[in-house]
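Let's take a friendly walk through a protein model together. Keep the sequence and the 3D view open as you read.

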Amino acid sequence: MLEIMHSQSNPRVNIKSVDLTIVIPCLNEQENICQILDQVRDLITKQSFTSEIVVVDDQSDDRTLEFAEEWANTRGKDCLISLVKRPLRRRGYGAVVRYGVAQGSGRYCIFVSADAVDPIHLIPELYRNMEDGCVMAQCSRYLSAGDDSTIPFKYKFFQYFFRRGVFLALGQHIPDSTYAFKMFQRKEMLGVGLSQNRFSISPEITFKSILRGGRISYVAGAQGTRERGVSKFIFRKEGLGFSYCLLRAFLHRFNLIYWF
């Protein structure tokens, strides 16, 4: 079942000329969805560029989509917003955001976590970098001292070794390829294809942006901490997908097997 609702009471917004698609993937986020929608609305209504919000619900067991629809009808009247219930069984974070990217219409796209941990105040800066000709603008938690303080030790331990794998695969140091808070060219990324169903979609986007030969910018930022609900990142389930992306990037770089 697919549900889509558009709120277009703002006459300045034309769906054919949207600059930025903001995808908010959700799975049992009824405690957080209205808060993050408030924050995103307050940010984008102050910008000169046009934005749309695409909320993708991944078959939640709670009232996430119901709360989002109520928000759209009452507090989101100045936004262009689509509410989508992903019709297939749960496949993971990557499958949800891929669905949201395809539903969008913006020139650029960014994922925003429903638990409100991403530094969304950086969206205008990321957007400016894209307008300056970047194919991707990545928020990095390792550029400024202290920005990584909210990352759990086990993730930092994993990322330490993953960055070395990235250097071997791509021949360059990438500060934070695993963080999903990044802006990229929506149609172009759909063109080269996205395949990962889990959180490994984040390095997939980074690696394919680099392998296309485009310019990447890195913006320093720190993520917050989840206050309500449960994180959907299950550490032991993500290793295979991240390793797959490293291997495919390496093989593609040396023309051994093409990734796209």
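You are looking at a predicted model, in which local features need pLDDT of at least 70 and side-chain atom pairs count only at pLDDT 80 or more, while totals for chains, interfaces and linings use all residues. Residues are numbered from 1 along each chain as its sequence is written, and side-chain values use heavy atoms, with hydrogens and water left out.

Now find strand β4, residues 108-111. Strands (E, at least two residues) and helices (H or I, at least four) are DSSP runs, numbered from the N terminus. From β4, the residues Y108 and I110 point one way and C109 and F111 the other way, and all of them are buried. What are the neighbours of β4? Strands pair if DSSP finds at least two bridges between them. Strand β1 (residues 20-26) runs parallel to β4, joined to it by four bridges; here T21 has C109 as its bridge partner. Strand β6 (residues 182-185) runs antiparallel to β4, with three bridges between them; here I110 is partnered by M183.

Next come the charged side chains. A salt bridge is a side-chain nitrogen of Lys or Arg within 4 Å of a carboxyl oxygen of Asp or Glu, and by this rule there are eleven salt bridges. One of them joins D19 and R107, at 3.1 Å from N to O. Because D19 lies in the segment before β1 and R107 in the loop between α3 (93-103) and β4, this pair ties together parts that are 88 residues apart in sequence. D19 counts as buried because its relative accessibility is 14%, whereas R107, at 37%, is partly exposed. R107 also forms a salt bridge with E131, where the closest N and O atoms are 3.2 Å apart. Since E131 lies in helix α4 (residues 123-131), this pair ties together parts that are 24 residues apart in sequence. Another salt bridge, between R63 and E66, has its closest N and O atoms 2.6 Å apart. R63 is partly exposed, with a relative accessible area of 42%, and E66 counts as partly exposed at 42% too. Elsewhere, D38, R41, D42 and R75 are linked in a network of salt bridges.

Let's turn to the aromatic rings. Rings of Phe, Tyr and Trp (its six-membered ring) pair if their centres lie within 6.5 Å; planes under 30 degrees apart count as stacked, over 60 as edge-to-face and the rest as tilted. By this rule the count is 14 aromatic pairs. Y179 and F181 make a tilted pair, because their ring centres are 6.2 Å apart and their planes meet at 45 degrees. Both of these residues are buried. Ring pairs also link Y93, F111, F184 and F199 into a cluster.

A charge sits over a ring if NZ of Lys or CZ of Arg is within 6 Å of the ring centre and within 35 degrees of the ring normal. R164 lies over the face of Y160, 3.7 Å from the ring centre, and the charged end of R163 sits over the ring of Y142, at 4.5 Å from its centre.

To finish, look at F153 in helix α5 (residues 153-170). Is F153 buried or exposed? F153 counts as exposed, because its relative accessibility is 64%.

Key: Buried means under 20% relative accessible area, exposed over 50%, partly exposed in between (1.4 Å probe, protein chains only).
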